[in-house]
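Welcome! Take a look at the structure below and keep it in view as you work through the exercises.

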Amino acid sequence: MRSDEFYMYRALDQAHHALAAGEVPVGAVVVCPEGNIIGAAYNSPIATCDPSAHAEIRAMQAAGAQLGNYRLDGCALFVSLEPCMMCTGAIVHARLARLVYGAAEPRTGMLESRANLLAQPWFNHRVEVRGGLLASQSRRLLKTFFTLKRGGPEA
């Protein structure tokens, strides 16, 4: 299996696709225990008119289709931004073994910023979490997106 940085760069590649599409630049990849990427996606709620079309959800959907199962036992999710409440719930339901994310999301992040949903005792599944990986690259993409949205020069 390759390094966490390798997979996070693949998630950032997906985030660049989101930026090019005019979506908030968040990208995600799902990696199976053997180290293969089995799901990759970027945010697309605007293009799909679907509020649930977050990068994490779409990457898990692709991985589930690849495996033929919604349970992603032993798999890891790499995402460029701290997941929201919806995505955190889906991570638990998918039974992911690991979650690695880049930048913290101070407004809606549910792992360190607003709450730590994965630490709640009522969940029957535990997910190993690593946060802050390549966070500066993720923050830079987000800053570029919002600067462009507000009509300012690219950061």
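This is a predicted model: local features need pLDDT of at least 70, side-chain atom pairs count only at pLDDT 80 or more; totals for chains, interfaces and linings use all residues.

Residues are numbered from 1 along each chain as its sequence is written, and side-chain values use heavy atoms, with hydrogens and water left out.

**Exercise 1.** Find out which residues the UniProt annotation "binding site" covers, and where His 54 and Cys 87 lie.

*Solution.* Start with the record: the unreviewed UniProt entry gives "binding site" for His 54, Cys 84 and Cys 87; such annotations may be inferred rather than shown by experiment.

Next, check the spacing. The three residues span 34 residues in sequence, but no two of their C-alpha atoms are more than 9.3 Å apart, so they gather at one spot.

Now place two of them. His 54 belongs to the loop between helix H2 (45-48) and helix H3 (55-67), while Cys 87 is part of helix H4 (residues 85-94). Helices here are DSSP runs of H or I with at least four residues, strands are runs of E with at least two, and both are numbered from the N terminus.

Finally, compare accessibility: His 54 is partly exposed at 22%, and Cys 87 is buried at 0%. (Buried means under 20% relative accessible area, exposed over 50%, partly exposed in between, using a 1.4 Å probe and protein chains only.)

**Exercise 2.** Work out how Tyr 7 and Phe 78 pair, and which parts the pair ties together.

*Solution.* A pair of aromatic rings is described by the distance of the centres and the angle of the planes. Rings of Phe, Tyr and Trp (its six-membered ring) pair if their centres lie within 6.5 Å; planes under 30 degrees apart are stacked, over 60 edge-to-face, and the rest tilted.

Begin with burial: Tyr 7 is buried, with a relative accessible area of 1%. Its ring centre and that of Phe 78 are 5.3 Å apart and the planes meet at 35°, so this pair is tilted. Tyr 7 lies in helix H1 (residues 4-20) and Phe 78 in strand E3 (residues 76-81), so the pair ties together parts 71 residues apart in sequence.

**Exercise 3.** Decide whether Ser 138 is buried or exposed, and where in the structure it is found.

*Solution.* First, locate Ser 138 in helix H5 (residues 135-149). Then read its relative accessibility, 1%, which makes Ser 138 buried.
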